[in-house]
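Please report on the aromatic pairs, a helix crossing and a loop residue in this structure. Keep it brief.

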Amino acid sequence: RSPHRRPIFPAQRGLHEKYFSGAHLPRYSIDTGTTRPPSPPPARFNGASDETHDRIDDAIAAVQWAIDAAAELDIDPTTISVGGDSAGGNLAAAVAQHFGSQIRGQLLVYPAVDLSSESQSALDYAEGFLLNGPTMQWFVNQYLGDSDRRDPRVSPLLAADDVIAAV
């Protein structure tokens, strides 16, 4: 067992083991909402009455904490990277764009980076797969409600070219 291994949440163990186990680097996992109390329901992106329920801000705060606590964690803050799969990939991409060159890199596994569903690939692949267009729209509606799906914080692929280039 690597001396650099840190505890991770069981839901992410498979992703961490598959992609990071050979790196021999410390790794941390952020709970993206599975422990939130069922009532009231988790806040949506723009509809949050309580900022602490905003998952993007939570993820940004977690990375900022890691940067600020780098000495205590015995890590080099210039080597911090982010990663995630699916909705976690969405959060990781938004976090990477927020921090720009402060983040070393990102590993995105089938990320949801354009929630506007206006891309050609969203149209081309809307049917014939486990997650079809209507199902994906249901997930997006649960996450965003009536919020702007073209907002780069929730659709990182739609960020300005200079923001993307800085990552």
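A residue counts as buried under 20% relative accessible area, as exposed over 50%, and as partly exposed in between. Phe-129 has a relative accessible area of 49%, so Phe-129 is partly exposed. The model is a predicted one.

**Aromatic pairs**

How many aromatic pairs does a search of the whole structure find? The search finds two. One of them joins Tyr-125 and Phe-129: the ring centres are 5.7 Å apart and the planes stand at 65°, so this pair is edge-to-face. Planes over 60 degrees apart count as edge-to-face. Trp-138 and Phe-139 also form a pair, with ring centres 5.3 Å apart and planes at 75°, so this pair is edge-to-face.

| Residue | Relative accessible area | Class |
|---|---|---|
| Tyr-125 | 53% | exposed |
| Phe-129 | 49% | partly exposed |
| Trp-138 | 48% | partly exposed |
| Phe-139 | 42% | partly exposed |

Tyr-125 is exposed because its 53% is over the 50% cut-off. Its partner in the pair, Phe-129, is partly exposed at 49%.

**Helix 2 against helix 4**

Two packed helices are described by the angle between their axes and the distance between the axes. Helix 2 spans residues 55-68, and helix 4 spans residues 87-99. Their axes come within 9 Å. The crossing angle is roughly 55°. The two helices are therefore oblique to each other. Is the crossing left-handed or right-handed? The crossing of helix 2 and helix 4 is right-handed.

Which residues make this contact? Helix 2 supplies Arg-55, Ile-56, Ala-59, Ile-60, Val-63, Gln-64 and Ile-67. Helix 4 supplies Leu-91, Ala-94, Val-95, His-98 and Phe-99. By type, the residues of the contact divide into nine nonpolar, two polar and one charged.

**Arg-104**

Where is Arg-104? Arg-104 sits in the loop between helix 4 and strand 2, which covers 105-109. At 57% relative accessibility, Arg-104 counts as exposed. Its C-alpha atom is separated by 6.4 Å from that of Thr-78, a residue 26 residues apart from Arg-104 along the chain. Leaving aside residues up to four places away in sequence, Arg-104 touches Thr-78, Thr-79, Ile-80 and Ser-81.

Technical notes: Residues numbered from 1 in each chain as written. Predicted model: local features only at pLDDT ≥ 70, side-chain atom pairs only at ≥ 80, totals over all residues. Heavy atoms only, no water. Phe/Tyr/Trp six-rings, centres within 6.5 Å; stacked < 30°, edge-to-face > 60°. Buried < 20%, exposed > 50% of the residue type's maximum accessible area, 1.4 Å probe, protein only. Axes fitted to C-alpha atoms, helices over the stretch in contact; angles between N-to-C directions. Helix = DSSP H or I, 4+ residues; strand = E, 2+ residues; numbered from the N terminus. Parallel < 35°, antiparallel > 145°, perpendicular 65-115°, else oblique. Left-handed = near helix turned anticlockwise from the far one by under 90°. Contact = heavy atoms within 4.5 Å. Nonpolar A, V, L, I, M, F, W, Y, C, P; charged D, E, K, R; others polar.
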